[in-house]
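Here are my notes to go with the picture below. Have the viewer open while you read, and take the points one at a time.

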Amino acid sequence: MGATETTAKTILRKHKGVDSWFVSSAGMNLYRGCPHNCAYCDGRDERYRVEGVFERDLVVKVNAPELLARELEPRRRRKPSPGGFMLLGGGVGDSYMPIEEHYRVTRRALELLDRFGHAVHILTKSTLVVRDVPLLVKMAREGRALLSMSFSTLDDDVAALFEPGAPPPSARLEILGRLRAEGIPAGIFLMPLIPGVSDSEEAVAAVFERAGALGLEYVIPAGMTLKGGRQRDHFLGVLDRFDPSLRPLYERLYTENRWGAPQGEGARASENRVNRVAAASAIPKRIPAACFPPAMDPRWRARVMLSQMDDMSRLHGLGGRYRELEKVTAALPEGLFMTLDGALDALKKTERDLILALLDGATPPEYSRLLGEGPGLDKGIVG
Ligand code: SF4
């Protein structure tokens, strides 16, 4: 399978800070279009302007390594980086799609990230990532590498229909086991869970079980979005081949919503089901702080952790003021930590202590408990 070679003007997409799901502060798309051909792929949405047939008309940014070398040059940096991961993956194509074997733009990007001392978070469905294991092992020793595999199901037969161009889930699990054995921190993005296809309690529990057996660091489940237009039409065509009787469920779930999020009772039931299974597992449901890049800015580290705690306190059905504390942390004066105490005076002592501990680089037991084991959790200390 060939690709159209193109030259880009810029390559790095810098975020405003560090996001709490991928712990990334920048990302890049080296390819457009994706032969993995996942039925639910968001990259088909017209908003991304990927022209032609998504799974066939591939585009490679051949000058990406040269651009990246220029953009990573420290002298060009106007303000300090928040120090999150550089995300390789997601978006409009898998960075380890088969043509990467020929073009090696991902490989060269990885080498550059290493050379400039950055941390990388790879999100892929491809087994080709094993090619770069020696380099990832080296980066992981310095806390600068994280590998996530995405799954919508563990069932190879179901995946053959919904992700026909991607390596089967069994092969992806094998790679994850290998990476963990090599000392590379790794986990699962269990997304999207396909309504009526892969979001049953048993199916989700099986993923947590396999992840536990492989010693993975996290499993992050999420539902499916479906935006009207190319993405929805393509997906429903595949769904009809799987089980046409599921159509009415989708008509109810995916009504008009700008973000394509599922709506109504069915969406809540699915979310509750997944949350129940997730809450019963001791595996973290977000990337844990132990996997964050060591050079991450302390304030961003604290903000991401508070944001994760807020997500988890919702998942466990607990109250909590973590979101408010995240806002307080965002508003703290720059740099001078000596002045922090005054800025936190309006808070309760437990809240103040939590923020100070996070800024100090600690991982409070409350954080570990919220991210991991759900059973037996009391109300958060910040309730
Ligand atoms: S691997 Fe990712 S980018 Fe490629 S088709 Fe699947 S969801 Fe889309």
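Contact here means heavy atoms within 4.5 Å. This is a predicted model, where local features need pLDDT of at least 70, side-chain atom pairs count only at pLDDT 80 or more, and totals for chains, interfaces and linings use all residues. Residues are numbered from 1 along each chain as its sequence is written, and side-chain values use heavy atoms, with hydrogens and water left out.

1. Start with Tyr48. Leaving aside neighbours within four places in sequence, Tyr48 is in contact with Arg32, Asp42, Gly43 and Val92. You'll find Tyr48 in the loop between S4 and S5; helices (H or I, at least four residues) and strands (E, at least two) are DSSP runs, numbered from the N terminus. With a relative accessible area of 27%, Tyr48 is partly exposed; buried means under 20% relative accessible area, exposed over 50%, and partly exposed in between (1.4 Å probe, protein chains only). Gly229 is 181 residues away from Tyr48 along the chain, yet 12 Å separate their C-alpha atoms.

2. Two strands pair if DSSP finds at least two bridges between them. S4 and S5 (residues 59-61) have two bridges and run antiparallel, and Tyr31 has Val60 as its bridge partner in S5.

3. Now look at S7. Five of its five residues are buried, so S7 is largely enclosed by the rest of the structure. In a regular strand the side chains alternate between the two faces of the sheet. Both faces of S7 are covered: Val120, Ile122 and Thr124 are buried on one side, His121 and Leu123 on the other. S6 (residues 85-89) pairs with S7 in the parallel sense over four bridges, and Gly89 stands opposite Leu123.

4. What is the strand S8 like, mostly covered or open? Mostly covered: seven of its seven residues are buried. Ala145, Leu147, Met149 and Phe151 are buried on one side, and Leu146, Ser148 and Ser150 on the other. Five bridges join S7 (residues 120-124) to S8, and the two run parallel. In S8, Ala145 is the bridge partner of Val120, and Leu147 that of Ile122. To get from S7 to S8 the chain passes through helix H4 (residues 133-141), and this β-α-β crossover is right-handed. Right-handed means that, with the strands pointing away from the viewer, the path from the first strand over the helix to the second runs clockwise. S8 also pairs with S9, in the parallel sense over five bridges, with Met149 opposite Ile188.

5. Which residues of H7 are buried? They are Val204, Val207, Phe208 and Ala211. These cover an arc of only 95° around the axis, which puts them on the same side of H7; the arc is that of the directions from the helix axis to the C-beta atoms. An α-helix has 3.6 residues a turn, so residues three or four places apart point the same way. On the other side of H7, Glu202, Glu209 and Ala213 are exposed. The cover over the buried residues includes S9 (186-190), S10 (219-221) and H10 (264-279).

6. Most residues other than glycine have a negative phi, and most peptide bonds are trans. Val23 is not a glycine, but has a positive phi of about 55°; Val23 is buried, with a relative accessible area of 0%. Arg104, also not a glycine, has a positive phi of about 55°, and at 36% relative accessibility Arg104 counts as partly exposed. The peptide bond from Met191 to Pro192 is cis, with omega near 0°, and Pro192 lies in the loop between S9 and H7.

7. Finally, zoom out. The domain assignment gives domain 1 (4-289) and domain 2 (297-371); such bounds come from an automatic or database domain assignment. Their centres, taken over C-alpha atoms, are 28 Å apart. At the meeting of the two, 17 residues of domain 1 are in contact with 14 residues of domain 2.
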